[in-house]
Amino acid sequence: MKWRNGIGTLRVADGRDGIPVEVAASYRARARGLLGRDGLDGAMLLTPCGSVHTFRMRFAIDVAYLGRDLTVLTVVRAMRPGRLGLPRPRARHVLEAEAGAMERWGVRPGVRLAVDVPVTAGPDRGA
């Protein structure tokens with residue numbers, strides 16, 4: 001699947017459905033990520049991505065490292081601002097959400113996620 005920037009829907013097996021997700025697939029969108037925000041309604045999927053940091057962020061986040069098939073490999077709960085996450089060699093995607101959200105949604109190692117293709121994706125011009 002060729003990922004594109006945009007808004008989609010995250011589905012968690014045996015959990016809450018219909019979670020809004022922002023897909024950041026271009027270099028520019030991944031680099032910007034959650035910087036400058038005070039919070040997040042839903043989640044952000046960074047792809048491709050194998051590690052993250054929280055430098056210059058304003059709030060703690062949960063981070064799920066996902067394999068190629070969107071199976072959760074590991075979850076880091078409540079990563080505070082100013083931290084550097086360890087690279088996960090098998091990770092192909094990273095899902096970020098406000099601290100505490102992933103536990104509420106049932107996101108844990110071994111769970112397979114699904115993302116509906118972004119509905120507002122236009123041509124990827126690096127934004």
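Predicted model: local features only at pLDDT ≥ 70, side-chain atom pairs only at ≥ 80, totals over all residues.
Asn 5 is buried, with a relative accessible area of 13%, and this residue sits in the segment that precedes strand S1 (6–12).

**Contacts of Asn 5**
- A polar atom of the side chain of Asn 5 lies 2.6 Å from the backbone nitrogen of Ala 25, while the side chains of Asn 5 and Ser 26 are joined by a polar contact of 3.0 Å.

**The largest pocket**
- The largest pocket holds about 240 Å³ of space, and among the 14 residues that line it, Arg 30, Ala 31, Leu 46, Val 52 and His 53 are the closest to its centre.
- Helix H1 (residues 27–32) supplies four residues, the largest share of the lining of the largest pocket, and the lining as a whole divides into eight nonpolar, three polar and three charged residues.

**Backbone features**
- Most peptide bonds are trans, and most residues other than glycine have a negative phi.
- Thr 47 and Pro 48 are joined by a cis peptide bond, with omega about -10°, and Pro 48 is placed in the loop between strand S3 (43–46) and strand S4 (61–66).
- Arg 56, which lies in the loop between S3 and S4, has a positive phi near 65°, and this residue counts as exposed because its relative accessible area of 69% is over 50%.
- Leu 70, placed in the loop between S4 and strand S5 (72–79), has a positive phi near 70°, and this residue counts as buried because its relative accessible area of 10% is under 20%.

Terms used: Residues numbered from 1 in each chain as written. Heavy atoms only, no water. Helix = DSSP H or I, 4+ residues; strand = E, 2+ residues; numbered from the N terminus. Buried < 20%, exposed > 50% of the residue type's maximum accessible area, 1.4 Å probe, protein only. Polar contact = N/O pair within 3.5 Å; in protein donor to acceptor, adjacent residues only side chain to side chain. 1 Å grid on protein atoms, 1.4 Å probe; cavity = no way out; pocket = protein on both sides within 12 Å on 5 of 7 lines; lining within 4 Å. Points joined across faces, edges and corners; volume = space filled by probe spheres on them. Nonpolar A, V, L, I, M, F, W, Y, C, P; charged D, E, K, R; others polar.
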